[in-house]
Amino acid sequence: MLRKLRSLALLSFIGSSFLPAQVKSTSADLVVYGATASGVVTAYTAAKQGMKVVLLEPGTHVGGMVTGGLSATDVAYFPIIGGYARKFYVEAAEHYGVHTLSHHDDWLSEPHVGEEIFNRWLKESGVQVQFGTRLKERSGVQKKGTHVVSITTEDGKVWSGKIFADCTYEGDLMAQAGVKYIVGREGMEVYNENLAGVREDTPMHQFRWKISAYNDKGKLMPEVESVPMEPNGKGDKKVQAYNFRLILTDNPALKLPWPKPADYDASRFELLLKYVQQWKEHIGKEPTFRDVVNPVFIPNHKADFNNNGAFSTDYLGKSWTYPDASYAERKKIWDDHMLYTQSFFYFLSTDPRVPRPLQDSVNHWGLAKDEFTDTGNWPNQLYVREGRRMVGQYVMHQADLQTERTKPDSIGMGSYNSDSHNVQRVALKDGSARNEGDMQVPVKPYEIAFGTMIPKDDQTDNLLVPVCFSASHVAYSSVRMEPQYMMIGQAAGDTAWLSLKSGVPVSKVSVPELQKTLHAQGAILHLSERSKEGPEPPK
């Protein structure tokens, strides 16, 4: 009998050792997918409420763009930024001995400082963080009816949860869960938005004089689309441009020389070269670095360099397929954006045809050797300004930013301009090059509705979407700022807790109780609650 039992035990052990990887399972109250700043705050908020939280990050860093190059925080009217988002910026300022957030400069910090804060929050709150855990492609979400039961990552591990939150810029969990979404721009008629669709006449980030899109041989130059521009206001499937936000330094002790990228091809900048060579003729002086990029100074002799002008770091027309692309295709797009960025700076810093004042000002700066140390000092996060956008319980649109700015179920506030970067660069019928898609329209502070982060009931009942939230292209272009992602993430974390506590779907939690909880955490839900640190509200 003893021998028989040993044999059975041995067979049981052998059998278990050969079980498929997908039986390895971890369960949690809340599973957060994507350690963007929104994902960190979602997880942190729920964990502080006592929930068991797992945070899955496909990459190797936390913080998304907040720690990936976007140090020039898009705060706009910052007295409406409250809760844990404000707490983050308070702690970042205190790192530099600053104990106020009364000026825009107080909201700026180095990437590695932000990442240290987020990592500490996650550790202190007991969030289980798992890196390298990308959702299994196409079949990574398991549902029973409208209920998400678990997700499976590429390593075969199953992550079971009572509630889930998709906090990625791409929205893959949301999409696989069967939630309706849109990619691209609605036409004017969809939500009665006069800013929607193709935008024929936009003066910002535009060529400052008429310049031919063709070279001397009559051939269309690189980085110009071969298809004509659609009529004004027409919707399309095109997405605003992505880029990398570089952290550069002018400190000789930290500055690295501009490296020559593999596969460098100077000819792709033929139009840029023509433009900067004509600059003095049209503007009366030679161009400098500030004419082709936008530096915002941050502490310790560094600056966050963003797109500026007609031909800059935005890689126009190359982001369109990214939201719905396969993982392999996304990697190609990501790598192509990196090659473009590296080539852009190498071209400006080394090509002898570039006007000397411009070249000298480029070479005054270089990559900071103490940032992004595991990615060759180039940013570790592509700036996915807009990917999928959920069509949820409430769809924010232009009126919510301009004329219908208050919401009884407010979970936070926004105030940044309607801000879409250009979508494409085309050749007009007269042969001139033209950028299309830019949108920079001022708004007054507005409130963000609870339903913006909630899918429709017939699609899921336990999923929250704080980043690929429900908004038209026009509205998303304003709400898409990192402080707002963080504030919506805080509301998502508290919604998860209330849903679990009361045993109701996420859409059915008590909004007054949610608002009471958010207020107790310092959130600002209405303009009357604004912080006194900072200017008076815009009139």
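Predicted model: local features only at pLDDT ≥ 70, side-chain atom pairs only at ≥ 80, totals over all residues.
Trainee: Is strand β1 mostly covered or exposed?
Mentor: Strand β1, residues 25-33, is mostly covered, with seven of its nine residues buried.

Trainee: Which strands are joined to β1 by bridges?
Mentor: Strand β6, residues 158-166, is joined to β1 by eight bridges, and the two run parallel. Strand β2, residues 53-57, also runs parallel to β1, with four bridges between them.

Trainee: What is the bridge partner of S25 in β6?
Mentor: S25 has V158 as its bridge partner there. On the β2 side, Y33 stands opposite L56.

Trainee: Which helix makes a unit with β1 and β2?
Mentor: Helix α2, residues 37-48, does; together with β1 and β2 it makes a right-handed β-α-β unit.

Trainee: Changing topic, where is Q459 found?
Mentor: Q459 is found in the loop between β19 (446-449) and β20 (463-464).

Trainee: Why does Q459 count as buried?
Mentor: Its relative accessibility is 13%, and buried means under 20%. Leaving aside residues up to four places away in sequence, Q459 touches K143, T146, A177, G178, V179 and K180.

Trainee: Now the charged pairs. How many salt bridges does the count come to?
Mentor: The count comes to 31 salt bridges. One of them joins K302 to E110, where the closest N and O atoms are 2.6 Å apart. This pair links distant parts of the chain, since K302 is in strand β11 (residues 302-307) and E110 is in the loop between α3 (83-95) and α4 (111-125), 192 residues apart.

Trainee: Are K302 and E110 buried or exposed?
Mentor: K302 is buried, with a relative accessible area of 1%. E110 also counts as buried, at 2% relative accessibility.

Trainee: What about the salt bridge of K302 with D370?
Mentor: The side chains of K302 and D370 meet at 2.9 Å, N to O. D370 lies in the loop between β12 (366-368) and β13 (389-390) and K302 in β11, so the pair ties together parts 68 residues apart in sequence. D370 counts as partly exposed because its relative accessibility is 30%.

Technical notes. Residues numbered from 1 in each chain as written. Heavy atoms only, no water. Buried < 20%, exposed > 50% of the residue type's maximum accessible area, 1.4 Å probe, protein only. Pairing = 2+ DSSP bridges. Right-handed = clockwise from strand over helix to strand, strands pointing away. Contact = heavy atoms within 4.5 Å. Salt bridge = Lys/Arg side-chain N within 4 Å of Asp/Glu carboxyl O.
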